Amino acid sequence: MDAVPADMVVNATLVAMAVHWNEKSQAIYHVCSSLRNPLNGYVFEDACMDYFSIHPRVLENGKPLQNRRPYLFKRFAYFHAYLILVYKLPLEMLHVVSLLFCGLFSQYYNKHNQRYTFLMLLVKLYAPYAFFKGRFDDTNLTKLRMEVKMVGKDGNIFNFEPKSIDWYSYLLSVHVPAVLKYGCKKKGRE
């Protein structure tokens with residue numbers, strides 16, 4: 001995956017602005033990791049599993065939520081087939097049974113079908129990013145880093161070197177906790 005911590009993108013932007021502030025031409029910089037230090041799906045999975053082993057999520061009844069390793073798919077077609085076989089097919093079988101029993105399970109079916117439909121909307125939205133195989137050229141960003149070093153400016157203050165990212169440590173101690181704290185709504189929190 002091509003991922004970059006937001007602070008590195010901001011750092012690269014600030015350095016580019018400082019270097020090019022008085023120029024009329026435009027420079028395009030790809031702040032990316034796909035060529036130098038791509039985020040491996042298995043590293044992402046390991047970091048998440050380890051985080052939730054150390055900090056287990058707790059259900060409303062106080063019991064810890066059991067974590068299972070997710071399935072990683074290299075192609076969207078495999079992922080889509082998996083969703084159909086594991087979720088949609090049983091859901092439609094429930095629908096048929098519900099029809100045979102005069103709508104006995106219709107509320108349950110409707111609730112879960114609505115969830116499945118929402119899941120598929122998210123899947124279609126994020127699939128182009130999750131299954132993207134392209135690589136971005138960071139030649140200009142590398143030149144910018146070299147230019148900053150040659151001028152003698154302290155490039156360490158504004159780090160934007162993707163090779164310096166230890167993905168496992170970053171995910172375990174920064175990314176996952178931040179997503180849980182700021183990205184997930186908790187009950188009673190506005």
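Analyst: Start with burial across the chain. Buried residues account for 22% of the 190 residues in the protein chain; buried means under 20% relative accessible area, exposed over 50%, and partly exposed in between (1.4 Å probe, protein chains only). This is a predicted model, where local features need pLDDT of at least 70, side-chain atom pairs count only at pLDDT 80 or more, and totals for chains, interfaces and linings use all residues. Residues are numbered from 1 along each chain as its sequence is written, and side-chain values use heavy atoms, with hydrogens and water left out.

Now the fold. The protein chain has six helices and zero strands (DSSP runs numbered from the N terminus: H or I of at least four residues for helices, E of at least two for strands). Along the sequence, the pattern reads α-α-α-α-α-α. The protein chain is more spread out than a compact globule, because its radius of gyration is 23 Å, well over the 16 Å that the globule rule gives for 190 residues. That radius is taken over C-alpha atoms, and the rule is 2.2 Å times the number of residues to the power 0.38. Along the principal axes, the C-alpha atoms fill a box of roughly 75 × 35 × 30 Å.

Next, contacts, meaning heavy atoms within 4.5 Å. Of those between residues at least 6 apart in sequence, 70% join residues at least 24 apart. The protein chain exposes about 14300 Å², with carbon and sulfur atoms supplying 62% of it; the areas come from the Shrake-Rupley method with a 1.4 Å probe, and for residues only the protein chains shown count as cover.

H2 covers residues 41–54, and its 14 residues should span 20 Å at 1.5 Å a residue; the end C-alpha atoms are 20 Å apart, which agrees. The expected span is 1.5 Å times one less than the number of residues. Which residues of H2 are buried? They are Glu45, Ala47, Cys48, Met49, Tyr51 and Phe52. These buried residues pack against helix H6 (167–183).

Pro177 shows the H6 side. Pro177 lies in helix H6 and is partly exposed, with a relative accessible area of 23%. Leaving out residues up to four places away in sequence, Pro177 touches Tyr51, Leu171 and Leu172. Pro177 and Cys48 are 129 residues apart in sequence, yet 9.9 Å apart in space, C-alpha to C-alpha.

For context, take helix H1 (residues 6–20), which holds Val19. Val19 counts as buried at 17% relative accessibility. Beyond four places in sequence, Val19 touches Leu144, Glu147 and Val148. Its C-alpha atom is 24 Å from that of Leu35, 16 residues away along the chain. Asn11 is also found in H1 and is buried, at 16% relative accessible area.

Cys102 sits between helix H3 (76–100) and helix H4 (106–130). Cys102 is exposed, with a relative accessible area of 77%. Its phi is positive, about 55 degrees, although Cys102 is not a glycine.
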